[in-house]
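Look at the structure first, then read the points below.

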Amino acid sequence: MTQTNGAPRSFQEIILRLQNYWAAKGCAVMQPYDMEVGAGTFHPATTLRSLGSKAWAAAYVQPSRRPTDGRYGENPNRLQHYYQYQVLIKPSPPDLQELYLGSLEAIGIDMALHDIRFVEDDWESPTLGAWGLGWEVWCDGMEVSQFTYFQQVGGHDCHPVSGELTYGLERLAMYVLGVDHVMDMPFNDPDAMIPLTYGDVFKQTEEEYARWNFDVASTDVLLRHFEEAEAECAAILAQEHIDPKTGKRIIMAHPAYDQCIKASHIFNLLDARGVISVTERQAYIGRVRALAKQCADAFVLTGAGGHTAETAA
Amino acid sequence: MPDLLIELFSEEIPARMQARAAEDLKKRVTDGLVEAGLTYAGAAALSTPRRLTLAVDGLLAESPTIREERKGPKVGAPEKAIEGFLRGAGLTRDQLEERETPKGAVYFAMIEKPGRPAAEIIAEVLEDTIRNFPWPKSMRWGAGSLRWVRPLHSILCILSDENGTSVVDLDIDGIKSGNTTRGHRFMAPQEFTVTGFDDYAAKLKRAHVVLDARERAEAIWQEATNQAFASGLDVVEDKGLLAEVAGLVEWPVVLMGAIDAEFLGLPAEVLQTSMKEHQKFFSVKNPKTGRIEKFITVANRETADNGATILAGNQKVLSARLADAKFFWENDLRTAKSEAGMGSWVENLGNVTFHNKLGTQAARIDRIAALAREIAPVVGADADLAEQAARVAKADLSSEMVYEFPELQGLMGRYYAEAAGLPQEVANACEQHYSPLGPGDDVPSEPVSVAVALADKLDTLTGFWAIDEKPTGSKDPFALRRAALGVIRLVLENDVRMPLDRFFDSQLLRAESAANGGLPEETVNSLLQEIAEHGVFGSAFEAVKESLGGSPAEAFLNLEKKVPDTSDDLLSFFHDRLKVFLRDQGIRHDVIDACIAMDGNDDLTLLVKRARALEDFLKTEDGGNLLQGFKRANNILSQAEEKDGVEYSYGADRKFAEDPAETALFDALEAGGAAISPAIEAEDFAAAMRGMAALRAPVDAFFEAVQVNAENEVLRRNRLNLLSQIRQVCGQVADLTKVEG
């Protein structure tokens, strides 16, 4: 059994333990993607790398933004900016459930005292044209992770299938640390030289963003940015595969995908501003999905997407 | 006779799929066995979150040998023919038998299909079952291509009899069958071997797995009610939730916890919805106060601290959830009680598009309010109240609570309207105007609610009809069939007398003007005014066209055809829905057709009244008489009309009557007509039909005595015109030509 060194004492310690655990299990520990995303799944290390035939194993923290969840830092566990921990292993190993449970023990959850349940939750990302089957994992009635076997991404069947684990870090950490309000959670060790709580780090930004997200963000500007990102994505993918300058085959799947991420986030902001109706929603989601699909189409033509000279022939 | 035990062990199967999957396993495997000749005494299927189990008792040890005699070619037939026969039978020449027949010597083959051992057949059937299992949703995993609901880990497949137990060998994409399984994921994860069903079930129980879902559900319910009872409380019954929870645990442990006092003021529905949807908790009610004060959660394991940690965790999660709900509730109440009240939410709906061709939610609410006002007098509601209710009925869509729990729409509207001090009828309409949602849902009966519910649904239907987004085949993304059925039930169950046509026309116009910028508001308003006054679109259109003078806009001219056509199409959609609805209530489709063919078929209450009367009447002896009398007259008349190319409807003249039977028919028609017309007038269709049935005897006597197609052309015409009178009289209740039989 993995060594846990007793109960963790801070938010960051839980993150570090997850990093160590998954590193020990052989995942490449990656860094967050440098763009605004709604969830760890949007990181190209998941979205794009789950496509194609190449094996892959990655773990990383991803700061995520859900503008509609902003509560000015007042709600004990709702945040417009939060962290997800993401693991993606392709092909999904047969003991993925056990590996996952091992990670809970690594962060101090004692299986003998807690009630862990796998509750059906089929994951679908209409914006990514992706779906998979799996569960929410409950610990004592609290959803601590999302566990998914990817079946399709960007409209492509996943072959082999990736197993994806997503941990909502704040909620999980609050539970493990026994904290009732996220802002009271120790961010670093309570005995550190300068002890900081989650609130010390994020209370003010939650307020600022909540105000901006809900009431100030210019919808005209956002609508324009959405259109621009959409156009840029298409323009990037319309380029010849052979770069005229270097003469190399360079398909720009990732730069195009950045635009898709942008469009998706802008859509979330527009949603928070309350200017998108139920029926219009579908249209916007469809537009983002179209971008995701084109990016997926492009990615599988690249080397990382499993493309070789033979598969091309 | 051996017993068979199969267990398919996988990662957690969704609770809602388990029972069905166990039954499918049983059906597919036993069907396959029987088809291969293996009969059995009994079979039982069971399930837990991680396993599907099938036990088959008293199976044949092998399938019976089948002997078949096949007749071949004649002795001395060409070599080719004999060879072909041998190939087909799978025999050699020396195995054939020569037999004398009246046609000479003929070869016969005795083919014997030897029985096969059960294990061989089971392996084939089980593999086929696994590979073609009807999961509602299945998946692949790892690098393989096998599909199962979640990754399949092991297959237990054993045959046991008095001599012992043997594994049925099977290898499906690398998953080999065996005689082992595992217990509870956490409490007894070790592998163990089993020798048969009893051994299996007993060992599983020791390994903290209750195999039977019903046993788990009963245990949960028993324990839950006991714990609640001990505190003087009641568990709120929820069979769906119970079944689901029983599918989430292998070893149920019931724990009851308290809801933090600060949340007890939330509406009971909010508590219940939040606890059920998010946490799968049962609500526990205090019968004295009617309030929900506690919750029941079901854990999947025993712990050294008797569940204390688990319960504390669940309580904390619940408090966080309810803190959210309370936050929404308080914010919403603040808004509802503010000066702007629910109006500020409605205003907000001005920024929300309902459909890109039909404008915003706020614009839609305007249309619904206008229609609710028009419908109000028809359903006995106060027009001002109906309009006011329509204006706030959807306001809660902007509330925070409904954003979080969409299933509470309407209900929250009622709470907020009450908080805002709006009239009770208005508050009730907020909740009830969505009803009826499903066939089992109650239909509102308060007039204001009825008016708004009808206006809401009719607006949806006319709106989507106006922009040509009608349901096709299995596609009905806007639930328009449900909306139409809702209208039908609202009208029928409240005995509402409303000509739908007229309301279709006005609402289609409103939708047109929303969808079509080319229509000046003024023109639309004058059209609506005309329709309201005269009830007919055609003349309203003409009147407005005239008043416009000059050359009206094309968008306006297009309405002349579009509105009536769309309206007719929508009405026939309603008639189709009505047919389905009435057929479920045992009314024959031809009876409905016969009534739809009548005037006033947009008054559904009248239409159904007719249909019910006709349906009942046709079951009586008089009904048969009416139909036969009518058909006899109608057939002869129709043939003559077709032959002569004219319609005999000029009225018959008594002075040409020759035979007493003919005169008697004149008398009967006169007497009948005097009785039937007032009955029709009073919509007493049964009485009218009794009157018509009385014509049977005179009609029969008439045909007995009189030759309709007389030589004398005057007599013939007169008699045909007499028959026409019968048709006309009988045709007042329904188009009987459409009735079968």
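In this predicted model, helix 1 and helix 3 of chain A cross in a right-handed way. A crossing counts as right-handed if the near helix is turned clockwise from the far one by less than a right angle, and left-handed if anticlockwise. Helices (H or I, at least four residues) and strands (E, at least two) are DSSP runs, numbered from the N terminus.

**Helix pair in chain A**
- Two packed helices are described by the angle between their axes and the distance between the axes.
- Helix 1 (residues 11–24) of chain A packs against helix 3 (residues 96–106) of chain A at about 145°, with the axes 9 Å apart.
- Axes are lines fitted to C-alpha atoms, for helices over the stretch in contact; angles run from 0 to 180 degrees between N-to-C directions.
- Contact means heavy atoms within 4.5 Å.
- Among the residues of helix 1 of chain A that meet helix 3 of chain A are A:Y21 and A:W22.

**Sheet in chain B**
- Three strands form an open sheet in the order 4-6-5 (chain B), with antiparallel pairing.
- Strand 4 (66–74) and strand 5 (97–101) of chain B are at the edges, each with a single partner strand, so one side of each has no neighbour in the sheet.
- Strands pair if DSSP finds at least two bridges between them.
- Seven bridges join strand 4 of chain B to strand 6 (residues 104–113) of chain B.
- B:R70 has B:A109 in strand 6 of chain B as its bridge partner.

**Reading notes**
- Residues are numbered from 1 along each chain as its sequence is written, and chains are lettered from A and ligands numbered from 1 in the order in which they are written.
- Local features need pLDDT of at least 70, side-chain atom pairs count only at pLDDT 80 or more, and totals for chains, interfaces and linings use all residues, while side-chain values use heavy atoms, leaving out hydrogens and water.
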